[in-house]
Amino acid sequence: MNMHVSDAAPDPAIRASTRGARVVLRGLEKSFGAHRVLHGIDIDIPAGQFVAIVGRSGCGKSTLLRLIAGLDQPAAGTVDPGGEIVRLMFQEPRLLPWQRVLANVEVGLAHADRQTRTRRSQDVLAQVGLTGRGGDWPAVLSGGQKQRVALARALVGQPTLLALDEPLGALDALTRIEMQELIETVWREKGFTAIVVTHDVTEAVALADRILVVEDGRIAMDVQVDVPRPRRRGDAAAAAIEGRILDRLLTRQATFSA
Ligand SMILES: Nc1ncnc2c1ncn2[C@@H]1O[C@H](COP(=O)(O)OP(=O)(O)O)[C@@H](O)[C@H]1O
Ligand SMILES: [Mg+2]
């Protein structure tokens, strides 16, 4: 078995995971005490779509993602990711410091025999550009490399839905762009549904098929990003979409501070 999952002869079990979850949200409501955070959210996400959720800080992006991922329950309404395999990735890599890199990836694949866990974890480490780093301790890795391990741990269980909450928020600009390209590449290869929360509208436009803008507990904008892939940085159509979304977000800020 070769280590390059993206080559012509991948592990059949990995290739078999090439499908995405359909996610349907109906009348979603969520409050914390008297504070209503989400109000009447209806969204249909087709299988395999790459969705970005943007909005002002505190508008409810993480709350929405947690509901979609089943980490929290809505006050009303339904979430149907339908028996799917959901994995999450956060801004902090959340690695176990007392486990080496390979063992950290294996954590994402609890229900498999030892040999399969090791082989799949090595395959997925290669896919995120960390061939040969399985024996390292997390402490010796850079921030970007730690996030690659976190991505590998999320991918090794062959999710049909990958939910990412500001996954690149702590990285420097260049590492961030490299990670965006990596996430896009694995998404295209594997076909899972991806939902990324980000405060970075440029990142949303670079990655997503569709951008949802959350405002006052509702979906204020639902924008298709019909820019062909692979996307070129500085693309005029992408810049126009980014401008529209930023205008909306900044106008709201002016209203609040007036
Ligand atoms: N567990 C919680 N208990 C109380 N309030 C919460 C909790 N989680 C989030 N909130 C509140 O809900 C709102 C939305 O939070 P969040 O979804 O984290 O926003 P975002 O991710 O868009 O910055 C905020 O006002 C936040 O303080
Ligand atoms: Mg958040």
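Biologist: In which loop is Glu166 found?

Modeller: This is a predicted model. In it, Glu166 sits in the loop between β6 (161-165) and α6 (173-190).

Biologist: Is Glu166 buried or exposed?

Modeller: Its relative accessible area is 14%. The limit for buried is under 20%, so Glu166 counts as buried.

Biologist: Which residue in the loop between β5 and α3 can I compare with it?

Modeller: Take Arg94, which lies between β5 (86-89) and α3 (101-106). Its phi is near 55 degrees, again a positive value in a residue other than glycine. Arg94 has 48% relative accessibility and therefore counts as partly exposed.

Biologist: Which peptide bond is cis?

Modeller: The one from Arg229 to Pro230, where omega is near -5 degrees. Pro230 belongs to the loop between β9 (218-224) and α8 (236-257).

Biologist: How should I read the interior? Which residues have the most contacts inside the largest nonpolar core?

Modeller: In soluble globular proteins, nonpolar side chains tend to be buried together. In this model the largest such core has 48 residues, and those with the most contacts inside it include Phe50, Leu125, Leu155 and Ile245. Helix α5 (residues 143-156) contributes the most to this core, with seven residues. Apart from it lies another core, of 24 residues, among them Val23, Cys59, Ala69 and Val86.

Biologist: What does Phe50 touch, leaving aside its neighbours within four places in sequence?

Modeller: Its contacts include Ile183, Trp187, Val196 and Leu207, and also Asp209 and Arg229.

Biologist: At what angle do α4 and α5 pack?

Modeller: Helix α4 (residues 114-127) meets α5 at about 130 degrees, and their axes are 9 Å apart. That angle makes α4 oblique to α5. The crossing of α4 past α5 is right-handed. On α4 the contact uses Arg120, Ser121, Val124 and Leu125, and on α5 it uses Ala152, Leu155 and Val156. By type, these contact residues are five nonpolar, one polar and one charged.

Biologist: Why is helix α2 described as largely enclosed by the rest of the structure?

Modeller: Helix α2 (residues 61-68) has eight residues and six of them are buried, so the rest of the structure largely encloses it. The buried ones are Lys61, Thr63, Leu64, Leu65, Leu67 and Ile68. Just after α2 comes Gly70, with a positive phi of about 80 degrees.

Definitions and conventions:
Residues are numbered from 1 along each chain as its sequence is written. Chains are lettered from A and ligands numbered from 1 in the order in which they are written. This is a predicted model: local features need pLDDT of at least 70, side-chain atom pairs count only at pLDDT 80 or more; totals for chains, interfaces and linings use all residues. Side-chain values use heavy atoms; hydrogens and water are left out. A nonpolar core is a set of buried Ala, Val, Leu, Ile, Met, Phe, Trp, Tyr and Cys residues joined through side-chain atoms within 4.5 Å. Buried means under 20% relative accessible area, exposed over 50%, partly exposed in between (1.4 Å probe, protein chains only). Helices (H or I, at least four residues) and strands (E, at least two) are DSSP runs, numbered from the N terminus. Contact means heavy atoms within 4.5 Å. Axes are lines fitted to C-alpha atoms, for helices over the stretch in contact, and angles run from 0 to 180 degrees between N-to-C directions. Angles under 35 degrees count as roughly parallel, over 145 as roughly antiparallel, 65 to 115 as roughly perpendicular and the rest as oblique. A crossing is left-handed if the near helix is turned anticlockwise from the far one by less than a right angle, and right-handed if clockwise. Ala, Val, Leu, Ile, Met, Phe, Trp, Tyr, Cys and Pro count as nonpolar, Asp, Glu, Lys and Arg as charged, and the others, Gly among them, as polar.
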